[in-house]
Amino acid sequence: MSYLVLARKWRPQTFTDLVGQEHVAQTLRNAFAQGRIAHAFLFTGPRGVGKTTIARVLAKALNCLSSSGPTVEPCGTCSACEEITRSSDVDVREIDGATWTKVESIRELQESLPYLPARDRFKIVIIDEVHMLSNSAFNALLKTLEEPPPHVKFVFATTEAHKVPITILSRCQRYDFKLLPAQKIRARIEHILKAEGVGFDDAAVSLVAREAAGSMRDALSLLDQVIAGSTGALSGPDVARLLGVADRQVLYDLARAVLAADPTKALSIVQQVTDQGYDLHAFARDFLSLWRDLVVARIVHEPGSMLDLADEERADVLAIAKSADAADLERLFLAWSRTVDDVARAREPRWVLEMALVRLAHRPALVPVDELIARLVDLERKLGSGSAGSDPKAAPPRGGFTGPQRPGGGSTSTSAANPHPTAHPAPHGAGPNGPNVPRASAQPTAPTQSSAPPAPGRFEVVRGGVVGATAAAMVTPVAPVAAPASAPPAPTPSAPPAPKWLENVRARGNQPQRPSTDESANNAAPEPAPPPPRVDLLDVRPAEANVDVWASVLAVLEGAPLAILEQGVPLEVSAKKVSLAFEANSFYARKVSATDVQEAVRRAAQKAFATDEPPVFELVTGALPEKVPTIAHRKELQRQAERAAKIEAARTHPFVKRFLSLVGGDVRKIELPGDIPNT
Amino acid sequence: MAEPEQPKGDPIQGLRSVRAQSAAKEFLQHALSGGRLSTALLFEGPDGVGKERCARALAQCSLCLAKQPDGDACGRCAICRAIDAQKYPDVITLARTLDVLTQQEQTGADLKSEIVVDKIRELQRERLSYMPHGAIRWVIVRDAHELNANASNALLKTLEEPPANTHFVLATHRPSELLVTVRSRCQRVRFATLPESDVIAILASRGVEAALAKEAAKWAEGSAGRALAMADPELLASRKSWLERLLAALRAGKPGAVVEVSEAFSKEAAAKEGDEVLVVLEMLERYFRDEAIAAATDARKSTVLAARSQLVRQTIASLDSNLKAQMAVESMLVRLRDVR
């Protein structure tokens with residue numbers, strides 16, 4: 001005979017044996033006492049809290065032969081009770097609703113219902129996992145369920161009542177089962193262990209009760225597991241090892257490492273935990289509950305029963321919490337709660353843990369928003385009174401701010417969760433340190449002195465994104481609205497010097513087009529494979545000299561889209577012939593193949609060269625190199641140069657420099673007006 | 001029975017022939033000798049670390065004709081050999097790809113994408129409604145997370161109160177995908193990743209050449225199953241070259257290069273069997289992870305690299321939800337480029 005698991009061996013056989021679910025037992029007792037017994041019951045609730053058990057006890061209560069009618073205290077010894085316990089009573093049918101889902105099964109069942117029970121008082125039909133019945137099976141039940149023969153009782157049990165049609169629900173008396181409190185599970189476990197003759201200590205029982213998370217069957221499955229795996233009495237450490245639950249001390253060490261910004265230590269702990277074969281998902285979950293405990297310990301003066309910890313553990317938690325900042329702890333809890341989900345899904349949970357820990361250990365320091373605002377107001381006042389940039393000591397950092405942000409600080413905001421721009425700080429008003437300042441505004445007023453440079457633009461306070469900080473602030477200066485430097489003039493008619501792009505055109509295919517800004521990929525990534533050489537690549541070098549001439553032709557163009565013709569490579573532009581090259585089959589090539597466009601070009605060229613005859617127009621198509629001598633390309637280069645100049649001007653602007661020296665950040669990104677935001 | 005495609009490796013001869021996994025083996029042996037082995041076991045741990053092998057070894061221990069003094073199976077008696085050869089009638093394997101009755105590989109229309117309820121019903125009707133031949137009958141569910149909702153539900157009652165002398169072993173590397181109602185009925189046995197030396201030894205026993213075995217084991221994260229899948233010189237080279245091309249596209253930082261490599265990659269992956277995209281992306285995740293750990297003390301660099309590793313992980317998760325591979329890879333590369 002194989003082993004009977006504890007959950008089956010210790011299945012309660014009477015209402016008095018039951019643990020928890022008093023509200024159900026009490027209601028049933030009252031119904032029996034008053035003789036108001038329904039003909040259909042629906043038991044629903046989480047796994048392992050007693051639904052099937054109560055269904056069977058109910059069957060005994062209804063059918064027990066030792067009393068003259070239904071009784072709340074079945075004897076357990078009469079033949080009906082015994083047979084129900086053994087699942088062999090002919091009048092009590094327990095059906096696996098998930099296996100017999102079809103309507104045929106229900107019809108078969110219904111055929112037997114009109115006949116009186118063979119021996120018992122009632123014919124009882126228990127359908128477990130009833131949510132799995134098919135729709136037609138449910139519908140076939142409806143009539144019977146509403147008006148069953150007087151000798152028939154139905155009991156349904158399911159974990160998923162929402163999958164049961166409302167027409168069924170409305171015909172049943174519904175009982176919602178609840179998760180069991182840990183104390184009750186603990187008491188039951190102790191009772192069973194004593195009866196089984198297995199020694200134990202408190203820690204062992206608490207651990208099993210905690211891991212069961214409110215389900216008695218889970219508790220007993222775990223108990224089976226720890227009894228089977230240990231020799232002699234159950235002890236806390238043994239149970240922890242057998243259940244794969246990490247020792248609390250390891251969790252504390254990890255929390256200390258994260259708080260102390262020591263990723264190396266944190267990674268070595270993960271290594272240790274993995275080597276010991278712990279369940280990493282459970283580990284991540286336990287670590288989350290530790291963050292919760294730390295937050296509670298930090299912000300609640302007398303945590304009392306809010307911390308469900310043994311005494312020495314409580315002392316450790318309080319000590320760690322004391323050394324940390326409340327907002328920082330909240331942020332870590334939030335960040336870790338996301339990691340737990342990822343760990344559950346990942347095939348390599350270890351990597352997920354490691355990467356999350358690396359980022360958390362390097363999280364940016366927190367700077368209270370209030371303080372930043374106060375400093376901004378200060379800065380504004382100083383600038384307003386004309387002392388801008390003259391004395392960096394004029395606005396010393398205020399109390400509470402402990403040095404510059406960590407170098408890696410801002411980069412946490414670059415994950416999928418980009419920084420969320422928050423409201424400009426104005427509504428917060430002046431910080432506690434800046435009373436009597438009219439109104440803290442994010443828009444610095446223009447300097448009054450003529451020697452002061454123009455206001456560089458607006459400032460945005462953004463939150464550190466990924467760690468979900470409540471008060472972590474980063475400052476991103478936004479580039480000036482107006483460029484300080486005047487835009488370079490349009491291309492001059494004189495012959496330009498040998499341009500850079502020409503080299504690129506010649507060297508195309510042999511080298512990367514742009515130096516990478518990506519250091520990490522650079523370090524280890526191999527050189528990219530050279531792209532395959534193109535066939536019939538047009539030779540566009542002669543066009544270089546023609547760009548300016550072509551621009552002067554386009555200057556007098558009428559009746560054709562300029563933007564399209566600017567894309568053409570002017571292979572030849574003379575009084576005799578205009579030859580333009582386009583990428584084969586491109587949108588531009590198709591547009592230019594229209595005769596009215598070509599006519600317009602010829603008229604413009606005739607006007608520009610002041611000749612009698614319009615020149616011949618030739619459209620050349622083929623493969624173009626990547627960088628081509630066109631007006632459009634030249635304009636693009638010019639635009640980029642302007643942009644770079646504007647960005648440089650913003651970066652070196654005295655106001656920005658002064659601001660950075662005050663708040664201790666660095667410029668991560670400069671956006672110009674009209675830039676497309678990076679998503 | 002069809003000839004296996006590759007050499008079968010060492011025969012299963014009791015628990016001692018299962019490599020590493022000392023905690024799991026110790027627990028099982030202990031439970032078996034103490035008569036407290038649960039009738040529903042859940043073997044969870046990475047794929048390809050010997051869960052099913054261990055289940056068969058356990059079956060041998062319970063049925064062996066000439067048990068050794070320590071309770072382990074002899075590995076040589078008729079029953080042990082029959083279990084190893086998967087020909088013993090009381091050790092039933094339930095798997096998506098196996099027929100319940102014949103235990104043969106299914107093909108064509110019979111092959112479903114998950115374990116369907118009909119299979120469970122067939123098991124209950126055709127295999128479990130009779131008394132077992134010997135003392136104990138075993139049902140080994142391979143990749144139990146492939147049980148669909150109906151099948152899992154149909155198994156619930158049987159798992160909780162199985163027919164006499166019947167034991168279930170559910171093996172899975174994705175325990176969180178099982179119904180909680182299934183998990184709550186099982187005793188969990190955890191399997192750890194294998195040390196690299198064991199992975200190499202397992203590959204060697206299957207006739208993989210030493211240098212290749214070493215290289216494959218490096219990428220296999222302690223899973224002999226994955227190492228075996230990697231131990232094809234051409235495949236390994238192609239995967240590594242894709243990893244390099246993805247990194248190169250990332251480095252070049254051009255939209256054109258990104259689109260080009262994503263398209264070529266997903267096309268080639270689609271032409272191959274199995275989940276090439278997934279495998280290469282996991283190599284990419286691992287690449288960033290290794291780099292991040294190497295740079296752990298450099299706050300800025302390690303944060304960026306960790307963020308990249310996480311981004312690849314998110315992409316892998318989105319692949320599971322049927323997003324088109326090319327789009328997923330494209331958007332991943334674009335976003336990776338922006339992480340700095």
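The second largest cavity of this predicted model has a volume of about 110 Å³. Here a cavity is a set of points, on a 1 Å grid over the protein atoms alone, where a 1.4 Å probe fits but cannot get out, and its lining residues have an atom within 4 Å of a point. Grid points are joined across faces, edges and corners, and the volume is the space filled by probe spheres set on the points. Of the 15 residues in the lining of the second largest cavity, Val5(A), Ala7(A), Ser221(A), Ser38(B) and Arg185(B) are the closest to its centre. Two or more lining residues come from each of helix H1 (6-9) and H10 of chain A and helix H5 (149-160) of chain B; helices (H or I, at least four residues) and strands (E, at least two) are DSSP runs, numbered from the N terminus. H10(A) contributes the most, with three residues. The lining comprises five nonpolar, five polar and five charged residues, where Ala, Val, Leu, Ile, Met, Phe, Trp, Tyr, Cys and Pro count as nonpolar, Asp, Glu, Lys and Arg as charged, and the others, Gly among them, as polar.

In the whole structure, six cavities of 30 Å³ or more were found. The largest cavity has a volume of about 390 Å³. It is lined by 26 residues, and Arg11(A), Gly48(A), Val49(A), Gly50(A) and Thr53(A) lie nearest its centre. Helix H3 (51-63), strand E4 (152-158) and helix H10 (216-229) of chain A each supply at least two residues of this lining, which divides into 10 nonpolar, seven polar and nine charged residues.

A salt bridge is a side-chain nitrogen of Lys or Arg within 4 Å of a carboxyl oxygen of Asp or Glu. Between chain A and chain B, 10 salt bridges were counted. In total, 80 residues of chain A are in contact (heavy atoms within 4.5 Å) with 73 residues of chain B. The two chains bury about 6900 Å² between them, 50% of it on carbon and sulfur atoms; buried area is the accessible area (1.4 Å probe) that two parts lose on being put together, summed over both.

Over all chains, 54 salt bridges were found. In one of them, Glu196(A) pairs with Lys9(A), the closest N and O atoms being 2.7 Å apart. Because Glu196(A) lies in helix H8 (residues 182-196) and Lys9(A) in helix H1 of chain A, the pair ties together parts that are 187 residues apart in sequence.

Residues are numbered from 1 along each chain as its sequence is written, and chains are lettered from A and ligands numbered from 1 in the order in which they are written. For this predicted model, local features need pLDDT of at least 70, side-chain atom pairs count only at pLDDT 80 or more, and totals for chains, interfaces and linings use all residues, while side-chain values use heavy atoms, with hydrogens and water left out.

Conventions: 1 Å grid on protein atoms, 1.4 Å probe; cavity = no way out; pocket = protein on both sides within 12 Å on 5 of 7 lines; lining within 4 Å.
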